[in-house]
Amino acid sequence: TSGTTSTEEEEEEEDNPLENQIYQLEHSDLCLIGTSEIPLAGMMAGELVHDEKELPLRYVGFSHCFRREAHGSGDQRGLYRMHQFSKVEMFGFCSGSSESSESMLEEIVEIQKEIFGLLELECRVLEMPASDLGNPAYRKVDIEAWMPGRNAYGEISSASNCLDYQSRRLDMRYRPDEQQSTSSSTTSTLDTSSSSSSPFSSPAETEIWLDIGVNVKKTTPVGKDFRYLSQKEGVFYIAFEPLLAKYAYHVAMGVKDEGIVDAGLIQLPHMRRRRRGMIFPMAVGDEDNKMAEFHVSALDGCSSLNKQRSGRELAEGGWKGNDIQRIVTKGCGSARRVVKVPTVTLGTLLGTWLGGREVEFMHIDAQGAEMSILRSGGSALKSVRRIMLEAPSPKCITLTEGAATCEEIFKSLDKMGFVPEDAIREDGSTRVGLKRGFSCDDVPWESWNSKCEFDLLFIRSDIPS
């Protein structure tokens, strides 16, 4: 068996059942989150770590927390017990031995002590008795700080070793070194309010799909869909979409086509559980840690970091022939509003966040900002095998100002080490059948509904088709 460590700030008392601590939402089975420990543990449910050497794994989660604190013990005055607060959760996944989970618990406690020492807080460390442990905890260490306003010490963090309590219930397993062939063991979890839980590691063969500007119909590699992702171990989907409001709209209106039911943890089509799919509420841009201007159009598919052209410019630039073009001219012409969104560069995403792991497929739907996004990747682009993006027809003006033309896209990608492999039809799943190395003139622009755009697939030049 294995071990778990988790942070439990709430006191579990017989006269204070869990239901009394939760804010339930009327007419639904949903509730407000009480701690980020739950999604940190849940995101690893059902996972198998194929190599014990990947352990331990360490994660940090930050979330707003909502608790009723009903019938809580002690002084309720002032700011000590809050119904809403923000909390950092450290969560660790280690092998099944009690030695490894105890070692991680000590590591987490030392991190907490270092942080509070740097804050120059007067603290004491408490080894909690069995009567103060909740069901999951094998051992719990609390840290209290002196609070002059209360004239008493008060808890500011808690760390627990949960052994395999969580990992067995969530089916988290790993394959020990001596059992590489068949069997597996249960993991241990540790969690603190500053927390840790069962181990996870990507399999030896990992396939990553990267989606910048979500468009579910065009976001998977040609010939593969989310059913493939669900069934094949080691495939991961990572998306970036600053316009989360459009997903809230889909949920409210019952729109099913997108296959998105939650803006934070996306439910992918054909996926039984929220696994191996994650969406970040931010844009990929040309600077890290920047609040960039995002121009939101009436037609959200035209929203971009670039400024939109006016409806008149679009109409005069080729977008006025058929119904689709007229819809685009009206819905995309000029921004309805400008919002500030956080950004990360493609270089940081590929090199730091993904650690240089190979990306099988990257889809970019950024309405004119594609080339600035790709340039921000720098040398890290060498980890990407294929790129799909929307290119403008030479006969039509670009939807946004400063957007690259088809010829400019081809030249830039050639310098980045990519060659055109094929054009992809509007369904996102069918190749046109062009010859590798084709030019803009070879694209069948007239077969696309708008006649002004086409999805093009590029492949790294050192990879055979």
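Counting pairs of Phe, Tyr and Trp rings (for Trp, the six-membered ring) whose centres lie within 6.5 Å gives 8 aromatic pairs in this structure. The structure is a predicted model, in which local features need pLDDT of at least 70 and side-chain atom pairs count only at pLDDT 80 or more, while totals for chains, interfaces and linings use all residues. Residues are numbered from 1 along each chain as its sequence is written, and side-chain values use heavy atoms, with hydrogens and water left out.

A pair of aromatic rings is described by the distance of the centres and the angle of the planes. Planes under 30 degrees apart count as stacked, those over 60 as edge-to-face, and the rest as tilted. One of the pairs brings together Phe240 and Trp353, with ring centres 5.8 Å apart and planes at 35°, so this pair is tilted. Phe240 belongs to strand β12 (residues 235-240) and Trp353 to helix α8 (residues 346-353), so the contact ties together parts that are 113 residues apart in sequence. Helices (H or I, at least four residues) and strands (E, at least two) are DSSP runs, numbered from the N terminus.

Phe240, with a relative accessible area of 1%, is buried, whereas Trp353 is partly exposed at 38%.

A further pair is formed by Trp445 and Phe454, whose ring centres are 6.3 Å apart and whose planes meet at 85°, so the arrangement is edge-to-face. Both Trp445 and Phe454 are buried. Elsewhere, Tyr59, Phe91 and Phe93 are linked by ring pairs into a cluster. A ring can also carry a charge over its face, which requires NZ of Lys or CZ of Arg within 6 Å of the ring centre and within 35 degrees of the ring normal. Arg169 is placed in this way over the face of Tyr165, at 3.7 Å from the ring centre.

Attention now turns to the cysteines. A disulfide is a covalent bond between the sulfur atoms of two cysteines; here, the criterion is a pair of cysteine sulfur atoms within 2.5 Å. The structure holds 3 disulfides. When the bonded cysteines of the protein chain are numbered in sequence order, their pairing reads 1-2, 3-6, 4-5.

Cys302 is joined to Cys332, with an S to S distance of 1.6 Å. The torsion about this S-S bond is about 40°, so the disulfide is right-handed. Cys302 sits in the loop between β15 (290-296) and α6 (311-316), and Cys332 in helix α7 (residues 323-332), 30 residues apart. Cys302 and Cys332 are both buried.

In the disulfide of Cys396 and Cys452, the sulfur atoms are 1.9 Å apart, and the link is left-handed, with -60° about the S-S bond. This pair connects the loop between β18 (386-392) and α10 (406-415), which holds Cys396, with the loop between β19 (418-424) and β20 (453-460), which holds Cys452, 56 residues apart. Both Cys396 and Cys452 are buried.

Cys406 and Cys440 form another disulfide, with S to S 2.0 Å. The torsion about their S-S bond is about -100°, so this disulfide is left-handed. Cys406 lies in helix α10 and Cys440 in the loop between β19 and β20, so the bond ties together parts that are 34 residues apart in sequence. Cys406 and Cys440 are both buried.

How values were computed
Buried < 20%, exposed > 50% of the residue type's maximum accessible area, 1.4 Å probe, protein only.
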